[in-house]
Amino acid sequence: MSIATSPSTTDGTTALNTTTAEHLSTEARLASLLAELTLQEKVQLLTGRDFWTTWPMAKIGLRRMLVSDGPTGVRGEVWDERHPSMNFPSAAAISSSWDPAMADRLGAASAVEARRKGVDVVLGPTINLHRSPLGGRHFEAFSEDPVLTAELAAAYVSGVQRNGVGATPKHYVANDSETDRFTVDVRVGERPLRELYLLAFEKAIVESKAWLVMSAYNSINGATATENELLETPLNSEWGFDGVVISDWTAVRSINSANHSQDLVMPGPAGPWGEALVAAVTAGEVAEASIDRKVLRILQLAARVGALEGFDAVQAEPLDREDPIAFAREASAAGTVMVKNDGVLPLDPAAAPRIAVIGHNARYARTQGGGSATVVPERIVTPLDGIRSAFGVDKVSYSVGAVVQEGIAELPLEQLANPVSGGPGLRVRFLGAGGEELFAEDRRSTALVWFGGDAPILSSALVQFRTIYTPEETGTIRLGFSTVGTGRIFVDGVLRREATIVATGTDLGAAFLAPPSASVEVAAVAGVPLDVVVELDTSDRTGALANALSITIGIEADNSSPEALIAEAVAAARGADVAVVVVGTNSRVESEGYDRTSLDLPGLQDRLVHAVAAANPRTIVVVNSGAPVLMPWRGEVAATLIGYFGGQEFGRALTDILTGAVEPGGRLPTTWPATQEDVPVINVTPAADGTLVYDEGIHIGYRAWLKAGATPAYEFGFGLGYTQWTLDSVDAPAVAEPGGTSAVVVALANTGARSGKTVVQVYAERADSAVDRPVRWLVASTPVWAAAGETTTAVLDIPTRLLAYWDNGWVYEPGGYTLRIGTSVTELPLKTTISISTQEGTL
C-alpha cells in the first residue's frame, strides 16, 4: 500500500489532481464554469436540494445528481416496493469470501442497479471496523481486520466506478459503534488511528481513487468528523483525494465546518450553511477560496458521472454486467462459513431424506440488516423455500420452534386486497385538515417508508391506510401498527385501538426505522375477510425528519405457548432423518441506530436447539445473523453453517451448500466468541462525559484475543469445506525494501476427493520489537481453488508498509520478521523469515 501526495495551494489545501494535460484541460474548463457562478450560487451547490439529490444549475449545464443508500443493494430515490431493488448478501457475508474479486463484482452489480434507477452515487461501502461484536451495524461492514477490510473496500470501489457510478467509502472515521453516534467523542491514539481505522480507508482512496468519502457523525479526539483535520490530513494532503467529502445525513452542525475539508452538506434544502455561509464569506470568516475548492470538486464529480454538459462521463453505460440474481446466489454461498461438520453434510437429495425444517428465520429469513441500508427486493427465497424446492414439499416439514420476531411484522401481500382497485395490496390516502384528499396511491406492502418522493407529508393532517385482510388461520391475532405519532386502528368499521407512540432513545434513524408498536387482539376466522383501516395523524410533524414517514401495519407474533412450540419442533425432528434449524436475530437486535447489549440469540432459540439436537443427532444449524452470536449448543449438533444476512437468494444458496452442489466458501472475517465474558474488547457505551476511549490501542479483534490468551469458539480466518488441503512449502525473499512489496509463494494441494476452495493467509510476527506489537497480524491473503488431487501455488504480495508502525510517520524497524502461513490465525503450519534492509527510520 502506497502513500500518494498531491500539490498544495497557498492556503494549505490540496488542489485537484492534474497530472496530465487532459486533467489540466478539465480543471481549466471547470474553473471557467466556476467563474460564471455568484457567491450565492456557489454556496447553494454545497447543500443538498432534498433528501437524495444535489442542486442543478442550468446556466452551467449542471443537472441534479442522485445519491442512494445501498452498500449491498441500491434503493434509489424512493423507498417503494413498486420499484424493487436487488438485495445482495450483506457486507459481512461478502467479506467471508475473503475474495476481492467478489467485492469487485458486487460493486459492478451495484453500479448496474444504480444506473437502472438513475442513481449517480452509491453511498457505500461501509468500511468501519468490527471493533466490538456488540456493534449494531457490523452486518454492513466487512471485518475486524483493517487489511482485509481495505482489500475488499478497494475492490468494491473499483467495481462501482468502473461502471461509471461514484462510490462513497464511509463513515470517515472511527464510527465503529452506534450508541450516541451523533455525540460520542472517540478518543483514539495516533498509532491505532493510522494502523487500523484509517488504514481501512487508505487503499480505496490511494489505489481505487474513490470519488467521494462520507464524513461521520462522531467526534474524533475532540473534533467532530465534519470539522476535523483528518479530512485534510491524511485524506487530501497524503492520499491525494480529489473527490467530494459528503456528510452523513445531518452530520454538519455549524458554519465552522466550512473552514475544513467538508464539501457537501446532506440532506437539503435546509442546513447550517446556506445564507449563513454566504454571510460568513462576506464577513471574512470563511475564505471564498475554500468555497471555490468545494464547488470545483462537486463539478468534477458531476463531470465524472455524466451530470455536467460538455464533459464525457467516465463510463456513460455500465460495461461490466452479469445476471444479478445468479450473482446474489453465488455470493451468498461463497460467503457462507461452515464451522462444524461431523460428516452429515452434504445431503443427497436422491436419497429422499425426510427433513424437519425448524425456526422462525427459516420461513421469515433476514436477508439484510435494518436501517438506511435497507432495500425492497422483488422477492426473497427463504431457507424453507430452497429446501422444499430441492428435496420436495412432501419430504419437508416446518415448525416455528421459537418466536424471534419483536414488534409488528407486515401482512402477507397474497392475503391483502385493495378496496379501491381490487388488486393485491392497500390504498393510502393523504388527507388535508378538512378531510379532503391531497394525494392517494395504491401500495403492495404494509411496511411503508416515505423518505423523499411526492407524498405531501408536511401539508397533510391525516394519512389513511385501508386493506381487506383475509386470515389463513382461525384464532386470536394481535393486529397493530408500528410508527411514531398518534394512530388508530379500525376493524370492520369499529375503532379497536388508539395510541400515541413515542420514539425510544435519541437516535433519529432508529426512531424512524425501528419505532415501537401498538396492537389489539382481534378474532380471526380463516377465509373471512377483515376490513382494516389505520389512521395516522400528521398535522404536528416537526424536526429533521418531519417530511419523512415510516409505518408498518401487521401482526405481532404469538408467543403465548413457547413450550408448545419447542415440543412441536422436537416431535418433528424426532420423526425426520435430518433436522435443519435456522436461528438468527431480528431487526430489533441488529440495525443502524443502536448497538446490541447481548450476544445471545433472541428468544428461546438456544433452548430450541438443545432440545432438537437431543431428539435428532443429525441436526444442522444455520445461523442467520449479521454478526457474531453465542452458540452454547455448538458441541451438540452435527453441523453448523453461518449464513449471515444472505440476500434475496439466501434460500437457494443455502440449499446449494446443503446438497453439495457448491462448496461452503466462507472463512470468518471476525472472531466468534464462546461467551460474552471472554470478549477482550467489547465496550461501545460512552462515558458520562461523552467519550469512548479506545484504550485497547492497536489490539482489536483477533489481535486482542491473542494478547489476552483467550480461546474463542471460532477464530478469525477459520472455516471448513468439503475437501482437505495441505500447505506444503513456502518461498519468500530474504529481504524486503521499505515502500515495496515482497512476493510469497505457497505450494499447496487439494488432497480430498472433490474440488474445493481454501483461503491462504499470511501473518507477520515481531517478537523482539522495540514497540508494542500484536502477537501476529494479517499482511496478505488469497482464495485458492483446485480440483481433487491437484497441486497448485498461491502468490501473495506483501506490502512492506504493513510491517511498519506509525510514529509521526511510518517507521520501518530493521531486522527479521517471522511470516506464518496457514488457513486461520491459529492454524499456521508454514513459516519463513523476511528482513527489512534499511536502517531504522521514518518514511
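Predicted model: local features only at pLDDT ≥ 70, side-chain atom pairs only at ≥ 80, totals over all residues.
First, the ground rules. Local features need pLDDT of at least 70, side-chain atom pairs count only at pLDDT 80 or more, and totals for chains, interfaces and linings use all residues. Residues are numbered from 1 along each chain as its sequence is written, and side-chain values use heavy atoms, with hydrogens and water left out.

Let's start inside. A nonpolar core here is a set of buried Ala, Val, Leu, Ile, Met, Phe, Trp, Tyr and Cys residues joined through side-chain atoms within 4.5 Å. Buried means under 20% relative accessible area, exposed means over 50%, and partly exposed is in between, with a 1.4 Å probe and protein chains only. The largest nonpolar core has 154 residues. The members that touch the most others are Tyr172, Val173, Tyr197, Trp249, Leu277, Leu308 and Phe451. Which helix gives the most to this core? Helix 9, residues 288–305, with nine residues. Helices (H or I, at least four residues) and strands (E, at least two) are DSSP runs, numbered from the N terminus. There is also a second, separate core of 36 residues, which includes Val339, Val570, Leu601 and Met631.

Back to Phe451. Contact means heavy atoms within 4.5 Å. Leaving aside neighbours within four places in sequence, Phe451 contacts Phe51, Trp52, Glu77, Trp79, Phe512, Leu545 and Ala548. Phe451 also belongs to one aromatic cluster with Phe51, Trp52 and Trp249.

On to aromatic pairs. Rings of Phe, Tyr and Trp (its six-membered ring) pair if their centres lie within 6.5 Å; planes under 30 degrees apart are stacked, over 60 edge-to-face, and the rest tilted. The whole structure has 18 such pairs. Take Phe430 and Trp450: edge-to-face, 5.4 Å centre to centre, with 90° between the planes. Phe430 sits in strand 14 (residues 426–431) and Trp450 in strand 16 (residues 447–451), so this pair ties together parts 20 residues apart in sequence. Both Phe430 and Trp450 are buried. Phe465 is in strand 17 (residues 462–469), 15 residues from Trp450. Relative accessible area is 5% for Trp450; Phe465, at 2%, counts as buried too.

Now the strands. Two strands pair if DSSP finds at least two bridges between them. Strand 18 (residues 475–482) runs antiparallel to strand 21 (residues 517–524), over eight bridges. There, Thr476 has Ala523 as its bridge partner. Strand 18 also pairs with strand 23 (residues 548–556), again antiparallel, over five bridges. Ser482 stands opposite Thr552 in strand 23.

Six strands run in the order 9-26-25-24-10-11, with mixed pairing. Which strands are at the edges? Strand 9 (337–341) and strand 11 (396–399), each pairing on one side only. Strand 9 joins strand 26 (residues 639–642) through four antiparallel bridges. Asn341 has Ala639 as its bridge partner in strand 26. Helix 12 (residues 383–391) lies across strand 10 (355–358), strand 11 and strand 24 (578–584), at about 165° to strand 11. Axes are lines fitted to C-alpha atoms, for helices over the stretch in contact, and angles run from 0 to 180 degrees between N-to-C directions.

Last stop: Thr659, in the loop between helix 16 (650–658) and strand 27 (691–693). Not counting residues up to four places away in sequence, Thr659 touches Pro346, Leu347, Pro349, Ala390 and Phe391.
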